[in-house]
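Let's take a friendly walk through a protein structure. Have the sequence and the 3D view ready, and look up each residue as we come to it.

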Amino acid sequence: MSNQATLEFICQHRYDDIRQLALQGRKYPEVDMTYALEQIAGRQKAQTKLPTWAALDGILYPAHISMEQCSSETTAKYKAKIAGSGKLFVDLTAGFGVDAAFISRNFNHAITVERQSYLCEISSANYKLLSYDNVQVVCGDGVEYLHSIKSADLIFIDPARRDEHGSRTYGIVDCTPNILPLLDELLEKAERVMVKLSPMLDWRKAVEDIRKVSEVHIVSVDNECKELLLIISKDVSPLKLFCANNDSVFECIVDCSTFVSPVCQCESPVFLYEPNASIMKGGCFGAVSARFNIPQIDKNSHLFISDKEVPDFPGRHFTIDRITSMNKRDLKLALCGIEKANITVRNFPMSVSELRKRLKLGDGGDTYIFATTVADGSHRLFVCRKKS
C-alpha cells in the first residue's frame with residue numbers, strides 16, 4: 001500500500017516518538033510521511049492493545065480514531081469465548097476487524113461488512129497475513145446486507161457511538177444503526193445475536209428496551225469497564241449476568257435476590273473486599289454475598305467485610321488494620337504515623353479531595369482508607385493494607 005522507502009522508514013522508526021518524526025518530514029521527501037506516521041502510531045498503540053498483532057511484521061493499521069475505537073485483544077478474545085460456534089458468522093459493523101478476526105475462528109465461514117473501503121482493504125490484507133482464509137470482507141452497509149442474509153449462526157453488531165459531528169453518543173436509539181427496529185429481523189435470521197454497547201449504559205434499561213436478551217456480559221480490563229455485551233436469542237429465560245474482569249468471571253441468574261445483600265453483623269472484621277468494576281456496574285451484590293457468604297458493610301457501601309479470608313473474591317482484597325470514627329481524637333490515634341494514603345469514599349458525605357484535606361494526608365503509599373457509612377448510619381474509616 002506504499003513505496004519501498006516508506007516501508008523501510010516505518011521499520012526503522014517503529015519505536016520512535018511520533019511527534020519528533022513529524023518534525024523531520026522534509027528530510028525524507030520520498031517517504032509518504034502521513035501513511036508512515038499512521039502505521040508507526042498504530043503499531044505502538046497495538047503493542048498494548050493488540051500485542052499478538054503488533055508482534056507481526058506487515059500488519060496494517062488504520063487512522064487514530066479507528067485504533068481508539070477498535071476492541072482490545074483481551075475483549076475480542078472474551079467475545080470469541082462466548083460466541084459459540086457453527087457454520088456462519090456475520091459481523092455487520094466490522095470496522096478494523098479485530099472482533100471478527102477472533103470470533104471467526106469458531107466458525108466455518110465468516111463475513112465481515114464495513115462501509116469504509118480503506119478499512120476493508122486493511123482488514124483484507126491483515127486476514128490474509130494472519131491466514132484467516134475463512135473470512136470474506138464485504139464493503140457495504142451492514143443494515144442493507146442484513147436484508148440479504150438468509151440465515152446465520154451468529155450475527156454481531158457494534159453500533160457506532162458517535163453522531164455526524166463526531167460527538168460521543170451512548171443511548172441505543174442515538175447510535176448508528178439504531179438496532180431496535182432491526183431486532184425482529186436479526187432474530188429471524190440468526191440463532192443468536194451479539195450486540196456491543198457502551199459500558200456507560202444501564203444494562204437493565206438496555207435489557208428492557210431490547211427484549212429477548214438471554215445473557216448480559218459486563219467486560220472489564222484491569223478493573224476498568226470497557227464493554228457491555230448482550231446476547232439476544234429466542235430463548236430468554238432465565239436471564240444470566242456475567243461480570244468479567246481479565247480472567248475472572250462472576251456469573252449469576254438475575255432475580256430479585258441478585259440485588260439484595262445482608263449487612264455486616266461481625267464485630268471484629270479482619271478483611272475488607274472491594275468488588276471489581278464489572279460487579280459494581282452489574283450491581284449483583286446479593287449474589288456476591290450469597291456465593292461467598294460475606295455481607296456488605298451497609299447496603300449502599302458496596303464494600304464487603306469478613307472475619308475470614310475469601311481468596312476467590314472477585315475484586316481487591318485488604319487486611320483491616322483499624323476502624324475509626326470521624327472523631328478528632330479517634331482519627332489522631334488511628335492515623336498516627338501515616339503521612340499518605342490511597343483514599344476511597346463510598347456512601348460518604350465528603351469527596352476524596354475534601355477528606356484528604358481533612359485528614360492532612362498525601363496521595364499514594366501502602367495504606368488504603370475506605371470511608372463509608374455503616375449500618376447504624378454513622379461514618380467510619382477503614383484503614384487497610386492491600387493483600388498481595
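This report starts with the whole protein and then moves on to particular residues.

## The protein as a whole

Keep in mind from the start that this is a predicted model. The protein is built from 15 helices and 15 strands.

How many of the residues count as buried? Out of 388 residues, the share is 51%.

## A helix with a buried face

Why can residues at separate places in a helix point the same way?

## Salt bridges across the chain

Searching the whole structure turns up 19 salt bridges. One of them joins Lys-79 to Glu-227, with 2.7 Å between the closest N and O atoms. Lys-79 belongs to helix H6 (residues 73–82) and Glu-227 to strand S7 (residues 224–233), so this pair ties together parts that are 148 residues apart in sequence. Are these two partners buried or exposed? Lys-79 is buried, at a relative accessible area of 0%, and Glu-227 is buried too, at 3%. Both also take part in a network of salt bridges that links Lys-79, Asp-99, Asp-158, Lys-196 and Glu-227.

Another salt bridge runs between Glu-274 and Arg-316, whose closest N and O atoms are 2.7 Å apart. This pair links distant parts of the chain, with Glu-274 in strand S10 (residues 271–275) and Arg-316 in strand S12 (residues 315–324), 42 residues apart. Here the two partners fall into separate classes: Glu-274 is buried at 6% relative accessibility, while Arg-316 is partly exposed at 26%.

## A salt bridge inside one helix

Now turn to helix H10, residues 183–189. The side chains of Lys-189 and Glu-185 form a salt bridge, at 3.0 Å from N to O. Lys-189 and Glu-185 are four residues apart in this helix, which means that about one helical turn separates them. Both Lys-189 and Glu-185 are buried.

With 45% relative accessibility, Arg-358 counts as partly exposed.

Between Thr-176 and Pro-177 the peptide bond is cis, with omega near 0°. Pro-177 sits in the loop that runs between strand S4 (152–157) and H10.

Asn-223 lies in the loop between strand S6 (213–221) and S7, and it counts as partly exposed at 35% relative accessibility. Asn-293 is another example, with phi near 55°. You will find Asn-293 in the loop between H13 and strand S11 (304–306), where it is exposed, with a relative accessible area of 56%.

Finally, visit Gly-283, in the loop between helix H12 (277–282) and helix H13 (285–292). Gly-283 is buried, with a relative accessible area of 9%. Gly-283 and Ser-151 are 132 residues apart in sequence, and their C-alpha atoms are 36 Å apart in space.

Definitions and conventions: Residues numbered from 1 in each chain as written. Predicted model: local features only at pLDDT ≥ 70, side-chain atom pairs only at ≥ 80, totals over all residues. Heavy atoms only, no water. Buried < 20%, exposed > 50% of the residue type's maximum accessible area, 1.4 Å probe, protein only. Salt bridge = Lys/Arg side-chain N within 4 Å of Asp/Glu carboxyl O. Helix = DSSP H or I, 4+ residues; strand = E, 2+ residues; numbered from the N terminus.
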